[in-house]
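Work through the exercises below with the model open. Try each task before reading its solution.

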There are 2 protein chains.
Amino acid sequence: MSRVEVETKVLNENQILAEQLRERYRQQGILCVNLISAPGSGKTLLLEKTLERMDQGTRVAVLTGDLQTENDAQRLARFGFPVKQIVTGGTCHLDARMVEKHLADWNLENIELLIVENVGNLVCPSSYDLGEDAKIVLLSTTEGEDKPLKYPSIFFKSELMILTKIDLLPYVPFKSDVAKENARRVHPQMEILEVSNTTGEGLDAWMNWITGRQRKAKEKAKLVRA
Amino acid sequence: MSRVEVETKVLNENQILAEQLRERYRQQGILCVNLISAPGSGKTLLLEKTLERMDQGTRVAVLTGDLQTENDAQRLARFGFPVKQIVTGGTCHLDARMVEKHLADWNLENIELLIVENVGNLVCPSSYDLGEDAKIVLLSTTEGEDKPLKYPSIFFKSELMILTKIDLLPYVPFKSDVAKENARRVHPQMEILEVSNTTGEGLDAWMNWITGRQRKAKEKAKLVRA
């Protein structure tokens with residue numbers, strides 16, 4: 001029992017901080033999305049393709065999490081937008097405290113889209129609210145169709161599933177229809193996009209998804225100020 | 001500080017149980033291996049190919065872990081060897097208690113090779129000793145070469161790395177040499193095998209690796225009894 005109680009307390013502390021972050025984002029009209037997937041599903045490559053397509057005037061910033069290395073921040077920094085690496089030093093997920101700490105010297109007024117790339121892990125990140133507007137889960141075509149059933153929590157909590165690496169479909173036994181059906185068994189209302197970071201297929205739909213959500217975040221911010 | 005102390009205590013409790021399991025395996029001459037990887041790297045498919053190649057007289061048993069579903073146990077049971085699913089119900093790793101509990105109604109005298117397939121997660125399983133002789137980490141060619149640097153703990157603790165999905169090398173930007181170099185930066189003595197579960201390439205070397213390790217486990221058992 002004591003183990004469960006401690007975990008609950010830690011999560012509650014995280015939840016309080018996450019709500020404070022959410023409120024700050026809402027006041028500033030910032031859209032914050034939290035990208036979660038298994039290691040190697042293509043989160044960083046999707047972000048590279050996303051930043052590449054963004055107008056240099058876009059007020060986008062990225063926090064990217066890993067247990068070790070600054071590799072991802074280096075990959076993403078070359079697009080000219082503010083990027084910071086969160087090195088967790090072994091911790092299997094990002095938490096709201098880490099996000100808050102790494103936001104400290106950024107002026108939130110200069111940000112309208114904050115993309116958080118979580119540690120590559122389909123399990124633990126699903127338990128930690130980062131104050132985001134939406135969790136987004138990536139599943140790649142090389143991973144097997146039953147992942148939504150095996151890791152239901154993250155698929156249940158994500159508003160959007162992005163099926164990545166669809167260019168590899170001719171070479172793998174993956175059945176997209178089965179994967180989507182499994183995802184909707186866990187989360188019937190989940191939106192689903194299919195993307196190839198290699199060929200660019202599906203990237204327009206992804207950019208439109210973000211733009212649509214940003215519009216909503218700004219409308220919410222106007223209501224707050226009114 | 002209190003969070004760290006609790007974690008230490010939980011790990012110690014696990015360690016005691018793991019050592020008890022290790023001693024039981026040693027007395028019986030059982031080789032126990034603990035397969036760890038990201039979700040979708042091919043652990044279950046490798047086990048299917050492994051069991052398929054085994055003589056029906058082989059005293060092999062499998063424990064396979066997942067957060068939810070009995071899918072993997074069903075896939076593996078059709079080869080006629082004893083298989084049990086450990087459903088963790090959300091927990092991100094297997095621990096020694098789960099292994100002990102699921103072994104309870106098996107006669108260990110009838111087992112000479114126990115394969116434990118951990119939850120698909122490159123982070124948390126590395127912290128939990130299951131009493132195994134060797135941890136084995138799988139990395140697939142679709143995941144990126146820098147994973148050993150980003151998730152160093154599991155690559156440091158594994159005796160063997162199996163590079164899977166090498167049949168996909170023509171279609172992905174993955175450089176095997178770089179991945180192997182990164183793995184050896186973290187763990188210079190690590191053995192490395194390259195395998196395709198689809199074409200069968202490398203499976204002989206893997207079966208030989210197991211056979212060699214089983215021989216050693218039996219020799220150790222003889223020393224214990226003498």
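**Exercise 1. Describe the salt bridge between Lys135(A) and Glu132(A), and state whether each partner is buried or exposed.**

Step 1. Apply the rule: a salt bridge is a side-chain nitrogen of Lys or Arg within 4 Å of a carboxyl oxygen of Asp or Glu. The side chains of Lys135(A) and Glu132(A) meet it, with N to O at 2.7 Å.

Step 2. Buried means under 20% relative accessible area, exposed over 50%, and partly exposed in between (1.4 Å probe, protein chains only). Lys135(A) has 9% and is buried. Glu132(A) has 5% and is buried.

Step 3. Mind the ground rules. This is a predicted model: local features need pLDDT of at least 70, side-chain atom pairs count only at pLDDT 80 or more, and totals for chains, interfaces and linings use all residues. Residues are numbered from 1 along each chain as its sequence is written, chains are lettered from A and ligands numbered from 1 in the order in which they are written, and side-chain values use heavy atoms, with hydrogens and water left out.

Step 4. Note the total. Over all chains, the count is 38 salt bridges.

**Exercise 2. How do helices H2 and H8 of chain B cross, and which residues make the contact?**

Step 1. Two packed helices are described by the angle between their axes and the distance between the axes.

Step 2. Read the values. The axes of H2 (residues 43-52) and H8 (residues 203-225) of chain B come within 11 Å and cross at roughly 75°. That makes H2(B) roughly perpendicular to H8(B), a class that spans 65 to 115 degrees.

Step 3. List the contact (heavy atoms within 4.5 Å). H2(B) supplies Leu46(B), Lys49(B) and Thr50(B), and H8(B) supplies Leu203(B), Trp206(B), Met207(B) and Ile210(B).

**Exercise 3. Describe the interface of chain A and chain B.**

Step 1. Count residues. Each side is given: 33 residues from chain A and 33 residues from chain B.

Step 2. Give the area. The chains bury about 2700 Å² between them, 62% of it on carbon and sulfur atoms. Buried area is the accessible area (1.4 Å probe) that two parts lose on being put together, summed over both.

Step 3. Find the charged pairs. The rule gives four salt bridges across the interface of chain A and chain B. Asp66(A) forms a salt bridge with Lys150(B), with closest N and O atoms 3.6 Å apart. A network of salt bridges links Asp66(A), Asp72(A), Asp146(B), Lys147(B) and Lys150(B).

Methods: Axes fitted to C-alpha atoms, helices over the stretch in contact; angles between N-to-C directions. Helix = DSSP H or I, 4+ residues; strand = E, 2+ residues; numbered from the N terminus. Parallel < 35°, antiparallel > 145°, perpendicular 65-115°, else oblique.
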